[in-house]
Amino acid sequence: MTRNASALESFGSVLVAMVTPMDADGNVDVDTAVVLAQKLVADGVDGIVLNGTTGESPTTHQPEKDALVGAVVDAVGDRVRIVAGASSNDTKHAVRIAASAERTGAHGLLINAPYYNRPSQEGVYRHIRAVADAADLPVMLYDIPGRTGVAIGDETLDRLAEDPRVLAVKDATGNVPAGFDRMRRTGLAFYSGDDALNLAWLTHGAVGVVSVMGHVVAGPIAEMVDCIRRGDLRRAQDLAVELAPVCQAIMGAGQGTVYAKAALDLLDVIPSRAVRSPLVAANEDELADLAERLRDAGLFATP
C-alpha cells in the first residue's frame, strides 16, 4: 500500500481542525463538542482533528483533552478518523499528550515542531521522534513555521519519512512548489493546512485538506476534493471561487479559532463563542461584520 493510500485510510481526506467549544465561563463543553462533531460528519468530513491549534491546545489541560477525545471517539469514531494533536514546547509534555491520546481512543496523531523554543533541526527531529514513539499510532506531521518559529527542514523531513508510522504532512508553510517537491521526494501524503490554498495544494498532488472554514462549508470542500480526484478541474475551480468569501470571512479577518467559533455561534451550532485567554472572543462589531460576510456568501446567519 502506498503512503497516500495508507494516509487516506488512517486520516481521511476531508478533515476539520475542530474548535473546542467552551461555555461562557471558559469551561470545555464536551456535550457541545459531540454535537459539533456529529454535524461535521453529517456535512461530509471523514476526519476530525481534536486538540490542535484551532482547538486551543496551548491552553487546554490533559483531563480536558482526554475527555474531548474520548467523547468524540465514542460518538463518531466508528464513522470518521479522529486525529489528536500532540503539541507542546516541552518534549516530555508532548510525549504524555500523545500517550494519553492513544489511551483515550484517537486513531492518529498530529505532531508539529516545538513552538517558541526554536530548537536546531536535530532538536526538531528528536522532539518529533520522541512524541511519535510514545504511541502506536499513524502520524501526520504539521509544518507551520509561522506559529512554531521553526520549520521542519528538508533533511529533517527526509529522516522522519524513514519511519513507517509517519505517513503524511499537514503543510501550512504557504510554499506549494516546495511542498510539491517534498511530496515527490519523500513519498509522504500531503494535506493542505491553509484554506486559501486548498485548490492549489490539491492540484499539486495533495490527498486532502485539514480545514478551519470546513466548520461551516464542509460539504463544498468535500465536493472539491472529489472533483480533483475525478479530474473535474473546472468544477473544482468554480467551488474554490464560491468558497473564497467564506475563507476570507473566517481566515482573513483575524484569528481562525475566534472567527470559526463566532461563525458557529451565528449559525446556532454552538451556544457560546467563548475562547480561553490570551485569545479574545469576537466583539459585537466583528460579529456583525462576520454575519454580513456569511450572508453574502449564501450562509444563513443573524447578528
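**Exercise 1.** Determine the handedness of the crossing of α5 and α7, and state how the two helices are oriented.

*Solution.* Step 1. The crossing of α5 and α7 is right-handed; a crossing is right-handed if the near helix is turned clockwise from the far one by less than a right angle, and left-handed if anticlockwise.

Step 1. Helix α5 covers residues 121-133 and helix α7 residues 154-161; they pack at an angle of about 25°, and their axes are 9 Å apart. The helices are therefore roughly parallel, a term for angles under 35 degrees. Axes are lines fitted to C-alpha atoms over the stretch in contact, and angles run from 0 to 180 degrees between N-to-C directions. Helices are DSSP runs (H or I) of at least four residues and strands (E) of at least two, numbered from the N terminus.

Step 2. On α5 the contact (heavy atoms within 4.5 Å) involves Q121, E122, V124, Y125, I128 and R129, and on α7 T156, R159 and L160.

The model is predicted: local features need pLDDT of at least 70 and side-chain atom pairs pLDDT 80 or more, whereas totals for chains, interfaces and linings use all residues. Residues are numbered from 1 along each chain as its sequence is written, and side-chain values use heavy atoms, without hydrogens and water.

**Exercise 2.** Describe the salt bridge between R126 and E122 and the accessibility of each partner.

*Solution.* Step 1. A salt bridge (side-chain nitrogen of Lys or Arg within 4 Å of a carboxyl oxygen of Asp or Glu) joins R126 to E122, with the closest N and O atoms 2.8 Å apart.

Step 1. R126 and E122 are 4 residues apart in helix α5, so about one helical turn separates them.

Step 2. R126 is exposed at 57% relative accessibility, whereas E122 is partly exposed at 31%. Buried means under 20% relative accessible area, exposed over 50%, and partly exposed in between (1.4 Å probe, protein chains only).

Terms used: Parallel < 35°, antiparallel > 145°, perpendicular 65-115°, else oblique.
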